[in-house]
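Here is a short note to read beside the model. Please keep the 3D view open as you go through the points.

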Amino acid sequence: MPDSPLAPRALRLGVAGPVGTGKSSLIATVCRALATDLRLGVITNDIYTDEDARFLRSAGVLDPERIRAVETGACPHTAIRDDITTNLLAAEDLERDFAPLDVVLIESGGDNLTATFSPALVDAQIFVLDVAGGGDVARKGGPGIGRADLLVVNKTDLAPYVGVDVAQMVTDAEGARDGRAVLALSRHDAASVAALRAWVLMILASHRAGTHIAQDPGPMAPHFHADDEHPEGGFVHSHDHDAADATHVHDHSRTQAARR
């Protein structure tokens, strides 16, 4: 597909969500659904490993060279929101090496419900939950659940085994999102995969037309990081992002109460 003059670079699509919700699997599903139609690239984020990138390469969803790993060495959130330099460079390198690309998918390192991408890094973002995490998790809210461009309720095929009512979970998610899109997904369900494919194509078309505006889901809530070398077992890390002047403030408060 030719690039629009208003969108000369690839659409950068972030995928965030807690550990184990199936972010890598979702990216693999997107690649399988669109690799014959679009020119794709993937960047994964982990603290000390390239495991997600290796998973995607072994799945054979893309040319392995189109899948790059970023090892953040620190809080996974920092590399997608506060100090996005490494990810921006990785995206630019990937787009240069395989020009032209249509979409670059950027996977956040898994952490918790608070992760959001900076709009300076991605044009649109997907937040992923899964039914195995509990049917009530969508009601808990948070910036990703509430304001990501798309909320995916993943692994719906597991619902009978974990006692989750998918329809109710989707209803709760819709209530938390003020009308923003929610998709119940299983990689084994062709209709839901087709809906995911259609959503990506819709966002890409808007990006190329210059009508899609990257949204800032808002700052992440303070969250606890375990650290065996810290006398209290870890510390609370809060991210305060002021989109208006692009300043970033880190606050590392260390409290015993955060451990509970």
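1. Ground rules. This is a predicted model, where local features need pLDDT of at least 70, side-chain atom pairs count only at pLDDT 80 or more, and totals for chains, interfaces and linings use all residues. Residues are numbered from 1 along each chain as its sequence is written, and side-chain values use heavy atoms, without hydrogens and water.

2. The largest pocket holds about 310 Å³ of space. A pocket is an open set of points on a 1 Å grid over the protein atoms alone, where a 1.4 Å probe fits, with protein on both sides within 12 Å along at least five of seven lines. The volume is the space filled by probe spheres set on the points.

3. The lining. Lining residues have an atom within 4 Å of a point. There are 20 of them, and Gly20, Thr21, Gly22, Lys23 and Lys155 are the closest to the centre. They divide into two nonpolar, 11 polar (Gly counts here) and seven charged. Helix 1 (residues 23-34) gives the most, with three residues. Helices are DSSP runs (H or I) of at least four residues, and strands (E) of at least two.

4. The annotated site. UniProt, in an unreviewed entry, places a "binding site" at Gly17, Pro18, Val19, Gly20, Thr21, Gly22, Lys23 and Ser24. From this set, Val19, Gly20, Thr21, Gly22, Lys23 and Ser24 are in the lining of the largest pocket. Such annotations may be inferred rather than shown by experiment.

5. Two loop residues. Pro18 lies in the loop between strand 1 (11-16) and helix 1. Val19 is in the loop between strand 1 and helix 1. Pro18 is buried (under 20% relative accessible area) at 13%. Val19 is exposed (over 50%) at 61%.

Terms used. Buried means under 20% relative accessible area, exposed over 50%, partly exposed in between (1.4 Å probe, protein chains only).
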